Amino acid sequence: MTAPVPDRTTVPGAELLAPQVDLPLTPEEAAYVAAARSPNTRRGYASDWREFSGWCARNGHAPLPAAPEALSGYITELAGAGAKVGTISRRLSSIRFVHVMRDLPDPTDARRVTAVWEGIRRTHGAPPVRARALMPPDLDDVVAACGSGTDLAGLRDRALLLVGFFSALRRSELAGLTVAEVAEHPRGRVLSIPRSKTNPYGTEPELVVLPHAHRAARCPVTALRTWLEAAGITEGPVLRKVTRGNRVTDRPLHPESVNEIVQRAVARAGIGPGPWSAHSLRAGHVTYAHQRGASDRAIAHQTRHRSLATVGTYIRVDNAWEDNSAALLAGL
């Protein structure tokens with residue numbers, strides 16, 4: 001059995017993934033090389049490399065191999081222009097990746113670059129902007145504002161919101177979910193996630209549960225079943241594009257479309273400022289479960305976080321008052 005041959009015109013960042021070798025890769029080898037990184041990662045590498053190459057061309061530097069003075073000048077200009085530390089870090093990772101794939105020295109390890117980078121981090125470092133947690137009662141209002149009846153887009157959005165909140169799936173996992181990965185269970189549904197951010201090779205089975213909720217309006221199982229039946233979906237992608245003419249297509253949602261659907265749904269409900277994104281559903285699950293007494297271990301069982309410390313970073317501002325000594329002093 002041979003590996004699929006990728007279409008080099010549709011693989012984002014394919015030219016960056018091919019290692020520098022004496023003999024060209026066979027089509028089968030090239031397919032496996034492309035499979036080593038997710039499409040989003042390849043797309044990010046390609047975008048970052050184009051940006052760096054363009055900067056080098058404008059400033060008289062060779063991008064490959066990049067000289068330390070070129071790279072230190074580049075990140076200095078990014079920092080001066082207001083780029084976030086996380087953005088600069090991602091650019092450095094992309095530049096490092098391209099050099100490694102061509103068996104070239106890593107320019108990000110040069111002392112000049114590391115010294116400048118350390119200074120940028122200390123000067124401009126700030127907590128990342130996190131998506132606001134979407135959870136009840138705001139979630140109830142957002143779900144209620146979705147269409148119903150024969151409005152297929154509304155039924156899809158309702159299913160996406162409730163499944164996303166209860167399952168705590170990442171946006172790429174929501175977009176990639178298929179009917180075959182949804183199994184019935186007396187207590188609801190069990191979702192099998194073949195690969196994920198923490199399980200990229202699919203070596204460990206990851207199971208996520210969708211429970212029956214006491215209230216039908218908030219039940220993810222009911223919302224999912226209603227959407228699938230109304231859309232006539234019996235196989236393939238669960239969450240799909242719906243045309244303006246209220247027709248369900250065979251095309252799955254793009255992960256970025258999941259973001260947009262959440263943002264539009266929140267706007268329809270008139271909920272306050274965000275930022276909102278698909279991650280708001282995952283953050284909402286963690287925060288709301290914590291408020292209702294779930295342990296970090298129980299939450300990590302559903303979210304599939306490898307570290308309990310990571311779960312703690314999801315607990316939002318509302319929980320800062322819990323078990324806090326300052327709150328106890330307020331009555332003095």
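User: Ala, Val, Leu, Ile, Met, Phe, Trp, Tyr, Cys and Pro count as nonpolar, Asp, Glu, Lys and Arg as charged, and the others, Gly among them, as polar. How do the residues lining the second largest pocket divide by these classes?

Analyst: This is a predicted model: local features need pLDDT of at least 70, side-chain atom pairs count only at pLDDT 80 or more, and totals for chains, interfaces and linings use all residues. Residues are numbered from 1 along each chain as its sequence is written, and side-chain values use heavy atoms, without hydrogens or water. The lining of the second largest pocket has 25 residues. They divide into 13 nonpolar, 7 polar and 5 charged.

User: What is the volume of the second largest pocket?

Analyst: A pocket is an open set of points on a 1 Å grid over the protein atoms alone, where a 1.4 Å probe fits, with protein on both sides within 12 Å along at least five of seven lines; lining residues have an atom within 4 Å of a point. A volume is the space filled by probe spheres set on the points. For the second largest pocket, that gives about 870 Å³.

User: Which lining residues lie nearest the centre of the second largest pocket?

Analyst: Helices (H or I, at least four residues) and strands (E, at least two) are DSSP runs numbered from the N terminus. H8 (152-167), S2 (188-193), S3 (206-211), H12 (279-291) and H13 (296-303) each supply at least two lining residues. Nearest the centre lie Phe166, Val209, Pro211, His212 and His285.

User: How are H12 and H13 oriented to each other?

Analyst: Axes are lines fitted to C-alpha atoms, for helices over the stretch in contact, and angles run from 0 to 180 degrees between N-to-C directions. H12 and H13 pack at about 155 degrees, axes 10 Å apart. Angles under 35 degrees count as roughly parallel, over 145 as roughly antiparallel, 65 to 115 as roughly perpendicular and the rest as oblique. H12 and H13 are therefore roughly antiparallel.

User: Which residues of H13 meet H12?

Analyst: Contact means heavy atoms within 4.5 Å. H12 brings Arg282, His285, Val286, Ala289 and His290. His285 is also among the residues nearest the centre of the second largest pocket. From H13 come Asp296, Ile299, Gln302 and Thr303.

User: What is the handedness of the crossing of H4 and H5?

Analyst: H4 (68-80) and H5 (85-101) pack at about 155 degrees, with axes 10 Å apart. That makes H4 roughly antiparallel to H5. A crossing is left-handed if the near helix is turned anticlockwise from the far one by less than a right angle, and right-handed if clockwise. The crossing of H4 and H5 is right-handed.

User: Which residues of H5 make the contact with H4?

Analyst: By class, this contact has 8 nonpolar, no polar and 1 charged residues. H4 supplies Leu71, Tyr74, Ile75, Leu78 and Ala79. H5 supplies Ile88, Arg91, Leu92 and Ile95.

User: Which residues of H3 touch H4?

Analyst: The axes of H3 (39-59) and H4 come within 11 Å and cross at roughly 105 degrees. That makes H3 roughly perpendicular to H4. H4 uses Ala70, Leu71, Gly73, Tyr74 and Glu77. H3 uses Glu51, Phe52 and Trp55.

User: What is omega for the peptide bond from Leu64 to Pro65?

Analyst: Pro65 sits in the loop between H3 and H4. The bond from Leu64 to Pro65 is cis, with omega near -5 degrees.

User: What is phi of Asp103?

Analyst: Asp103 lies in the loop between H5 and H6. Its phi is positive, in a residue other than glycine: near 55 degrees.
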